[in-house]
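Please study the sequence and the structure shown here. The paragraphs that follow lead through selected parts of the chain.

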Amino acid sequence: MSEIVQTAVLLHLPRNKKIDIEFENITYSVPNGRKAKKHVLKGVSGKLKSGELTAIMGPSGAGKTSLLNILTGFQSSGMKGTIKSNGRKNGSDQYKKESCYILQDDQLVPYFTVSEIMNMSANLKLGSNVSDKSKEFIIDDILDTLGLSSCKDTRCGQLSGGQKKRLSIALELVNNPPIMFLDEPTTGLDSSSSLHCISMLKALARGGRTIVCTIHQPSATIYEMFDHVYVMAEGHCIYKGSSKNTLPYLSTVGLSCPEYHNPADYLLEVASGEYGNLTDHLAKTANDLNWRGVCALPRLEIQEELTMDENGNKPVERNMAVTYISPTEWNKFLVLLNRSFLQLYRDWTVTHLKVILHTIIGIVIGLFYFNIGNDASKTISNFGYLLVTCAYLCYTSIMPAVLRFPSELPVLKKERFNNWYKLKTYYAAFMVADIPIQMLFCACYTTISYFMSSQPCEWDRFIMFLAICCLLTITAESAGIFLGTLVNPINGTFLGAISVAFMLSLAGFLVFLTHMSKPFYILSHISYLRYALQGLVYSVYGHGRATIPCPEDILYCHYTTPDVFLKEIGMANVDYWFCIGMLCCVIVFLRLLAYCTLKKRLSSN
Ligand SMILES: Nc1ncnc2c1ncn2[C@@H]1O[C@H](COP(=O)(O)OP(=O)(O)OP(=O)(O)O)[C@@H](O)[C@H]1O
């Protein structure tokens, strides 16, 4: 512990950045049934001071997480009351910039190493006034302080629970926030890791930060380490004061803790009503501010001087009142783009496996429709190849996309809330990284199946064919992303499958466009698969294609002239560029829609 406290000297806050938080009469209600409301917080007040480590405690359902969510700004609807920082009423943007919220689950991308993820955090949070060398220094400083230097090259997925928790904290420390909120930082950790974690938080608090965490059942040693405990029961505060004053406080209301009993456990037993319903009485006595006492340990007095590197240079003005300039959104976009590519490369199930599968399926479909493209007696079967291509590309793009955002949502939510980047920057980087990968998958399947099935060996036709396949892949993926951001994954996959089946039936193969009844013909205009199929048909049979050879052993081939075939299936007047345009419009429309649903989903808790 002493080692941690010592190294944390480097992580202290400049004096002018220290922030005290005061909250008054906070109420929070949630809908409960048709008309009734459940009152989760019933007018709680308190003060969270800089340089102190505060624990919010209480039995399950007491309202700890609700209070934390409100203090962080994570939850704003349904609450009333005031929250002030340094006496000023909170302007939410500034307050959010000054604080960070570390959620209970460590949302870390498992494919990045500790060092990589720290660099990403630094590049997303620290702007042009911090040089690369300084960023390196800051990262080393934080990793040293949190005891993570030895696992710099370990991937996040391979870290222990305690290391993950410390890394989550390290990532937020990069821009030295004055306020840190943590939801149950010790949950899932063994007793020694819990002790390590809390002692580290205490050291960070001693650097001048306001650190607030919820905690379930701390051991007596851990409980003593808190400067301030805020105990809740049934939406009320039943004790706010120093951990050391707990027993004297309880004795004033006639409760005496048995000898050798953990005061934290006893307090929780009282809060749970094991000694009678004392909540209302304790809620009144808890307003006495005398139990707060003074901070037991003196705050670390740190000289505000520059930290020198080994050459005597001043690598970073970390200990000065430096205001870090946030990087431009363009720079953040580049960092996120790089991160997306790295993630795609590292997650072999996403890229490598899919390239292999698309290649194999391309060969299988190629064998299934082998040599039929240049045979006038098999034109209908070749039309079948075009439809199978549409259906295959559609299904293989829409289903993974439905699951994509739900799996990334927790990381995205955490990083966006902690001001790492704006959603539009993330979304743009995601699209720019993802679209070429989708085109690669599509090209693997299309190139192999196109040539194996003996479609016209003309480069312009092949490029036209490939362009439609790529656009269809991206369209289907857009539809999947939209569904994935709109509903849960189970409903998303169900709706995705149904929507493809619906689009497919209106595409113009299962029922030719010439055979469709008027209402369904009109309805078919909303099917993006119709434009894709028409585009593929035009690439293969339109564009002035010459007659198709009829095998010598066959007496009569009805579709020797491509125009006859196009007329019969109702695609004689297909405009290739119109199909391309329609697919592009659907992509833009669905991507914008998905952005809106994603934004809405992120803002709802
Ligand atoms: N959005 C919500 N809708 C309905 N009920 C809610 C909502 N948020 C909180 N509650 C209810 O409010 C009460 C307090 O919840 P909260 O999560 O704050 O408790 P907690 O003290 O953090 O519990 P735990 O320690 O089990 O996490 C619970 O009964 C919970 O069901």
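Ile-102 has Leu-182 of strand S7 as its bridge partner. Strand S7 (residues 179–182) runs parallel to strand S6 (residues 99–102), and four bridges join the two; strands count as paired if DSSP finds at least two bridges between them. Helices (H or I, at least four residues) and strands (E, at least two) are DSSP runs, numbered from the N terminus. This is a predicted model: local features need pLDDT of at least 70, and side-chain atom pairs count only at pLDDT 80 or more, whereas totals for chains, interfaces and linings use all residues. Residues are numbered from 1 along each chain as its sequence is written.

S7 also pairs in the parallel sense with strand S8 (residues 210–214), over four bridges, and Ile-179 stands opposite Thr-210 there. Together with helix H7 (residues 191–206), S7 and S8 make a right-handed β-α-β unit: with the strands pointing away from the viewer, the path from the first strand over the helix to the second runs clockwise.

Which way do the residues of S7 point? Ile-179 and Phe-181 point one way, Met-180 and Leu-182 the other, and all are buried (20 or more other C-beta atoms within 10 Å of the residue's own, C-beta atoms being placed from the backbone).

The ligand is the next topic. Among the residues around the ligand are Val-30, Lys-38 and Thr-65, a residue being counted if its C-beta atom, placed from the backbone, lies within 6 Å. Helix H2 (64–72) and strand S2 (37–48) each supply at least two residues of this shell, and H2 gives the largest share, three residues.

Technical notes: A residue is buried if 20 or more other C-beta atoms lie within 10 Å of its own, exposed if 12 or fewer, and partly exposed in between; C-beta atoms are placed from the backbone.
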